[in-house]
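Let's take a walk through this model, one piece at a time. Keep the sequence and the 3D view open as you read.

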Amino acid sequence: MQTAAEDRIFQALADPSRRAIFESLTRGEAAVKDLTARFDISQPAVSQHLGALKAAGLVDSRREGRCVYYRVEPRGLKPLVDWITHYRAFWTERVGRLERLLESMDQ
Amino acid sequence: MTVSDSLSMDFDLPHPPEKVWRALTDPVLLAEWLLPVFGLELRAGASFRFQTRAFPGWDGTVSCRFVEIEPGRKLSYTWTVPGMDTVVTFTLTPTDAGTRLSLVQAGFQPPHKREFGGARAGWKMMGEKLATLLGRLS
């Protein structure tokens, strides 16, 4: 039910700073130094958060000269989408059974 | 496609809330439509478990604990499977035709942050931003 990929996503985004950085990146690509300025966190800390997000497959990076730019990797969210899809189907099927059960119950 | 941190569904049922409530809280009835349930005691803070088919890496146990019980109106419990805590909330609203049953499953977070009462924190904040994210990026 729970894959290692999902574990990494949930753990990466459970941290408030990492979540803030990820949300910030959803507005567009940014260099490490931009993020450092934006969040008032030290550059090593920002890099560490970005590393965790990248390990979770949530962001990707490219190097340009001395700068590394990070952007959101949309496919990284697929395990989350899959999880929601799984439970949506589960509950729809179960509530269908509930409806049939209610039909057969006395008031 | 929409993405969200929580799953939310509504069902209109042509039955009175009292009857729906019984189906949500009686272990015999729960086993008929949801899953076999063990140790269920209708008390806030009480733990119980649902049991489904086991498969490799998971024994099929869903560990639960009541968060909120408002008889006939609202039932909320944690829904924990390996690697993830969520909270499932059923809300019953009387309608002319019977009952509107609202189901929300929310509060995803990794197990090391597990903490009773705080289960809805964390992922909730992602909400709407995640909901529009894929659309904006594709």
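The buried residues of helix α5(A) are P79(A), L80(A), W83(A), L98(A) and L102(A); buried here means that 20 or more other C-beta atoms lie within 10 Å of the residue's own, exposed means 12 or fewer, and partly exposed is in between, with C-beta atoms placed from the backbone. The helix itself covers residues 78-104 of chain A, 27 residues in total, and spans 39 Å from its first C-alpha to its last, close to the 39 Å expected at 1.5 Å a residue. That expected span is 1.5 Å times one less than the number of residues. Helices (H or I, at least four residues) and strands (E, at least two) are DSSP runs, numbered from the N terminus.

A word on the ground rules: this is a predicted model, where local features need pLDDT of at least 70 and side-chain atom pairs count only at pLDDT 80 or more, while totals for chains, interfaces and linings use all residues. Residues are numbered from 1 along each chain as its sequence is written, and chains are lettered from A and ligands numbered from 1 in the order in which they are written.

Still in chain A, have a look at the loop between α3 (32-39) and α4 (43-55), which is where D40(A) sits. D40(A) isn't a glycine, yet its phi is positive, at about 55 degrees. Most residues other than glycine have a negative phi. D40(A) is also exposed, with 6 other C-beta atoms within 10 Å.

Over to chain B, which has 3 helices and 7 strands, in the order β-α-α-β-β-β-β-β-β-α from the N terminus on. Of its 138 residues, 31% are buried.

In helix α1 (residues 17-25) of chain B, the buried residues include P17(B), V20(B), W21(B) and A23(B). They sit on the same side of α1(B), because they cover an arc of only 160 degrees around the axis, the arc being that of the directions from the helix axis to the C-beta atoms.

Now for the strands. β4 (residues 61-70) and β5 (residues 74-81) of chain B run antiparallel, joined by 7 bridges; two strands pair if DSSP finds at least two bridges between them. Here E68(B) stands opposite S76(B) in β5(B). The two strands form a hairpin with 3 residues between them, and G72(B) in the turn has a positive phi of about 80 degrees. On β5(B) goes to β6 (residues 84-94), also antiparallel, with 8 bridges, and there V81(B) stands opposite M84(B) in β6(B).
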